[in-house]
Amino acid sequence: MGLLYLLIIIQNKMKLLVLFASLFVTAALGAEVEKEEGVLVLTADNFQEVVDGNEFVLVEFYAPWCGHCKALAPEYAKAAQQLADKESSIQLGKVDATIHSSLGEKFEIRGYPTLKFFRNGKAVEYSGGRTADTIVSWLEKKTGPPAKTLDSVETAKAFADEKDVVVVGFFKDVESAAAKVFLSVAAEMDDYPFGITSDDAVFAEYGAEGEQVVLLKKFDEGKAVMEGEIAEAAVKKFVAGNALPLVIEFNQETAQKIFSGEIKSHCLLFLSGKADNFAAQVDMAKEVAKDNKGELLFVTIDTDEDDHKRIMEFFGMEESELPSMRIIKLEEDMSKFKPENAEISAENIRAFVNAYKAGTIKPHLMSAEVPEDWDKAPVKVLVGKNFAEVALDDKKDVLVEFYAPWCGHCKSLEPIYNQLGEKFADSETVVIAKMDSTANEVENVKVQGFPTIKLFRKGDNKVVDYNGERTLDALAKFMESGGTDGAAADDDEEPEGHDEL
């Protein structure tokens, strides 16, 4: 009573509210747990009590220095707020795995950020997106029915108003085969909320007839109605093709949706957002995008943004080429395509897309010009244009370091690699070489990070990945053993000291 009396005397409603909220968390979890922006701060001391004391907890294992973690933080906090506004029982927590390393080891955390979902204390891998909406959507799918029942017009309108994109299945018989297909897809597609209705008034409100799948969105035409048979693949393609704007702007908020979606072919338009004709250029792209729904995403990349210069570098694009366009295919072996004519016009965009779909254009491989002194130093300089001639010489063992000029690990390796070149400078059968992979690409060699070191073995040109220590002795033994000592096993993880592409 003494504490309550003191609070009444202070008459500070905000402090009282904060105290009550704190007491509530203490009572629910058994011990006070600090919150930062609605996210529980978990430690080795309180972790188990939190996951055991709550039915659903999503936990982010992070490192304070991790750039991806910093990018996720505001979205994660926003997701926690959305759940709190809904009075959801789902809790969001985070663990600094650099401090509480025992938790990182226990849950086999191999990179940051890693998210794990705990249901009644048992952990499962999180497979959703990295925006607030996709986090909440994934969690609601995993903790409730795959599709919300819309039993009145009011419920349906509230459901549609809540998100930018919702998918609604109209089925008079929710036990029908088509309805079961719809629910199966709803359970798999975690990024978007699904609703289902058999209510006559809801049918009438949205003009639905028979069995139908409708996507409602707050952009473009506002509504898309699926045509044809309601089969799993068809529903997925319909949602993927209509859930994003016809032309979407690339930025931090949309990157996850763009690159982790179902559609793997993207037409990228490199445009100046400040240009007077920017809106007209986007409208041209929309005309082509309408005819390619579900097959290609159309993405604008603002070339005025400094952060986007690396993307231009990745495509080997110079400022003088702008505005321009490229197509990228994000399959297991990523491919890039460059048009013969990069003019931004509806006719030219359509011709480029049609040629890509018809398979009449080959992937574009970047190459710098061959330097005049490429073979003068002990470490030979390779570019796309002289790679095959040098690296695939079947009379020699050729070791190639694929590097990036900005890569810190590559810079650390450089003096050692130069010594290796000097060691084999007089050899008739060994070549030590390097290639800047930000400016050069070669067919059948996929580089995922820097530095990547590969041996192109004499005789059969077999490619052997090096995964040993980055010391002169280790690299020399690798070459002297014909690529045996220090070779990477097929299932080896990336070597330590590896910058991602």
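Author: Helices (H or I, at least four residues) and strands (E, at least two) are DSSP runs, numbered from the N terminus. The model is predicted: local features need pLDDT of at least 70, side-chain atom pairs count only at pLDDT 80 or more, and totals for chains, interfaces and linings use all residues. Residues are numbered from 1 along each chain as its sequence is written, and side-chain values use heavy atoms, leaving out hydrogens and water.

Reader: Where does Glu-305 lie?

Author: Look between strand β14 (297-302) and helix α13 (309-314).

Reader: What is the relative accessible area of Glu-305?

Author: Buried means under 20%, exposed over 50%, and partly exposed in between (1.4 Å probe, protein chains only). Glu-305 is partly exposed, because its relative accessible area is 40%.

Reader: How many residues apart in sequence are the parts tied together by Glu-441 and Lys-336?

Author: Glu-441 and Lys-336 form a salt bridge. Both are buried. Glu-441 lies in the loop between β19 (430-436) and β20 (449-450), and Lys-336 in strand β16, so the parts they tie together are apart in sequence by 105 residues.

Technical notes:
Salt bridge = Lys/Arg side-chain N within 4 Å of Asp/Glu carboxyl O.
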